[in-house]
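Please have the sequence and the 3D view open.

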Amino acid sequence: MRTLGVFLFDGVAAFAAFVCAFWLRVGNSTFTHYSDIIFSSGFVFAFLAAITYRGLGVSKAVWRYTSLPDLILIVAASTLSIFLWVVGEFAITRLENIPRTVPFIMWFVIISFLGGARFAYRYWREGRIIRRNTKRTRVLVIGADDEAMLVVRNLQQSGDYNCIGILDDKGNRIGRSVAGVPILDTYLHIGQVLEGRSAAQMPHMIVLTRPLAHWPKAFRTQLLGLVHTRKLSLAVMPAFITHSMNASPQAIDVGSLLGRDKAELEQTDIGQLLHNKRVLITGAGGSIGSELTRQIAEWNPAEIALIEASEYNLYSIDMALSESAPDVPRQAVLLDVRDRERVFAFWHEFKPHIVFHAAALKHVPLVEMNPREGLLTNVGGSMNVADASRAVNARAMVQISTDKAVNPTNVMGASKRLAEFYAQGLDMAAGDTDTRFVTVRFGNVIGSSGSVIPLFQRQIERGGPVTVTHEGIKRYFMSISEAVSLILRAAVYGLSQNDARGRVLVLNMGAPKTIYDLAQDMIVQAGLTPGKDIEIQITGLRPGEKLHEELFDSTETRLETQDPALFAAAVQLEDADIQNKKIAHVLKVAQTNDLPKIQTAIETLLKGFPYH
């Protein structure tokens, strides 16, 4: 019935336009001198126009969403229908009794009738929705580009939101408007714009036309601070366009949560390190290992060996590499680095040039409950990998460490510190091999399997609460891709600096971030309000967990390097033989799985462990 109704309306509108065109041209004589033409040619034109509109799709468009493309289609269909009528009328009557200006007048009139009716209906419908909803959400849009038009149109059509203004990307459009919404100022002055508003004028929500990570760092920091203090919601354009802004939380842009700019690195030397080389990666299926594998594959190594103890993780990275780098030869090997005999056998078989040792147990509370496994994997496994790399005269082994190794308060951190000691000792020792041992230390990797980010995402999706162990707990954060790029850069730097033997290379992590603030930022990015839509619950520090992580030990000297993305940590080590005997003693005691005994054994190497 609606289709038939629109078809009839278009025909009636065409007939009315025909009559109106004659009246505008000849006045009152329309219905005296031209009555025969009005009723004969007028009905023919009306039927022809209605058929044309139907054929070109004008009659099929939904009036509620009438827009510029619909108006363009009306113009095209009107032009065609008038052209066909003029050609037909000329063939029959030579247009003898029709003023020559009538078709032109008719063109303007029929476009006005059809377009005007559709736009009038759209605005009436939108106005009715707005009038019906007396509790609309006030929204401030940031960014006055094409995306802003999309956002404003969705706001107007939904009826649930009232767009009170726009903050522009540039300063030359202030005072103008987009779809009737005023451009108030530039986004840099958001603080002043909000400051000058009363409670009744304050927006409930801020909508960005681009993802948060695409805005300058200073603005991101200012925006998140304003959102927190003024209890506002925050949404980004892609989520807004595809879903209601009150829908379930959208995917979080974890890179924008860091509050730091990504390090830009010169990577030409990395190609020389990896190109046409046999590269071996332990823990290849983990967060760091899999990203290492992907980035290394881009440099066309001669072959990659993927070493992994988890069958599923190994399968996943092997399949991923088969799709992203099918031409790079690879071996997927199920191998536990704690199996010394198997490690040596495969190393002699593969003969790696470069070894990246990422395999480790990293979850602090779990290692604290299972100290034996943590020490045998993180210390014993690292010793096996280092010794095997030295035995096959690999050019380098890169030991991947963590900030939890600094003044450790838990077994996991202590195990990584002892692994650092062992690699540093080998790097400083003169012997029958040229193998270098480069140790790289950095903080938390945001978005990794052991990171708080996936946990917070799941908790937000479930509606909360988001659990934070302590309101003041701080951590250093870095994205996975940036961390791996810096690991490769550190490997190049460590091998090029012979005077850096025995030093730990520390990635420049920027300033630490409070986990509580991170939780708030994630809730805000999901378009929700902390404390209102999602609660943040303080659960208390877990066993072995530190309030503040550090990048340098109290016994280390922090050194600048030629690369601003890297620091170096120098420490005076014990005699290698004495140190290795103590490490062997720790591993022997670890077999008991007795935490007090293990702590006592570790203290022979780390005086004062566990630190507080």
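In which loop is Pro-465 found? Pro-465 sits in the loop between α16 and β14.

Before going further, a word on the source: this is a predicted model, in which local features need pLDDT of at least 70 and side-chain atom pairs count only at pLDDT 80 or more, while totals for chains, interfaces and linings use all residues. Residues are numbered from 1 along each chain as its sequence is written, and side-chain values use heavy atoms, with hydrogens and water left out.

**The protein as a whole**

The protein has 20 helices and 21 strands. Here helices (H or I, at least four residues) and strands (E, at least two) are DSSP runs, numbered from the N terminus. Of the 612 residues in the protein, 52% are buried. Buried means under 20% relative accessible area, exposed means over 50%, and partly exposed lies in between, using a 1.4 Å probe and protein chains only. Among contacts with a separation of 6 or more, 76% come from residues 24 or more positions apart; a contact means heavy atoms within 4.5 Å.

**Around α16**

Helix α16 covers residues 452-461, and its buried residues are Ile-453, Pro-454, Phe-456, Gln-459 and Ile-460. These buried residues pack against β13 (444-446), β14 (466-468) and α18 (515-525). After α16 comes Gly-463, whose phi is positive, near 90 degrees.

Most residues other than glycine have a negative phi, and most peptide bonds are trans. The table gathers some exceptions.

| Site | Feature | Value |
|---|---|---|
| Gly-464 and Pro-465 | cis peptide bond | omega about 0 degrees |
| Phe-609 and Pro-610 | cis peptide bond | omega about -5 degrees |
| Asn-276 | positive phi, not a glycine | phi about 60 degrees |
| Lys-351 | positive phi, residue other than glycine | phi near 50 degrees |

Pro-610 belongs to the segment after α20 (595-603). Asn-276 is in the loop between α9 (268-274) and β7 (278-282), and Asn-276 counts as exposed because its relative accessible area is 53%. Lys-351 lies in the loop between α12 and β10 (354-357). With a relative accessible area of 46%, Lys-351 is partly exposed.

**Two packed helices, α12 and α14**

Two packed helices are described by the angle between their axes and the distance between the axes. The axes of α12 (residues 340-350) and α14 come within 9 Å and cross at roughly 30 degrees. Axes are lines fitted to C-alpha atoms, for helices over the stretch in contact, and angles run from 0 to 180 degrees between N-to-C directions. That crossing angle makes α12 roughly parallel to α14, since angles under 35 degrees count as roughly parallel, over 145 as roughly antiparallel, 65 to 115 as roughly perpendicular and the rest as oblique.

On the α12 side, the contact is made by Arg-340, Val-343, Phe-344, Trp-347 and His-348; α14 brings Met-383, Asn-384, Val-385, Asp-387, Ala-388, Ser-389 and Ala-391. By class, this contact of α12 with α14 has seven nonpolar, three polar and two charged residues. In this scheme Ala, Val, Leu, Ile, Met, Phe, Trp, Tyr, Cys and Pro count as nonpolar, Asp, Glu, Lys and Arg as charged, and the others, Gly among them, as polar.

Is Ser-382 buried or exposed? Ser-382 counts as buried because its relative accessibility is 3%. This serine is part of helix α14 (residues 371-391). Its side chain makes a polar contact with the side chain of His-357 at 3.0 Å. A polar contact is a pair of N or O atoms within 3.5 Å; within protein, one must be able to donate a hydrogen and the other to accept it, and residues adjacent in sequence count only if both atoms are side-chain atoms. Beyond its neighbours within four places in sequence, Ser-382 is in contact with His-357, Thr-377, Met-397, Gln-399 and Ala-419.

Arg-138 is found in strand β1 (residues 137-142). At 19% relative accessibility, Arg-138 counts as buried, and the side chain of Arg-138 reaches the backbone oxygen of Met-202 at 2.8 Å. Not counting residues up to four places away in sequence, Arg-138 touches residues including Asn-162, Ile-164, Ala-199 and His-204.
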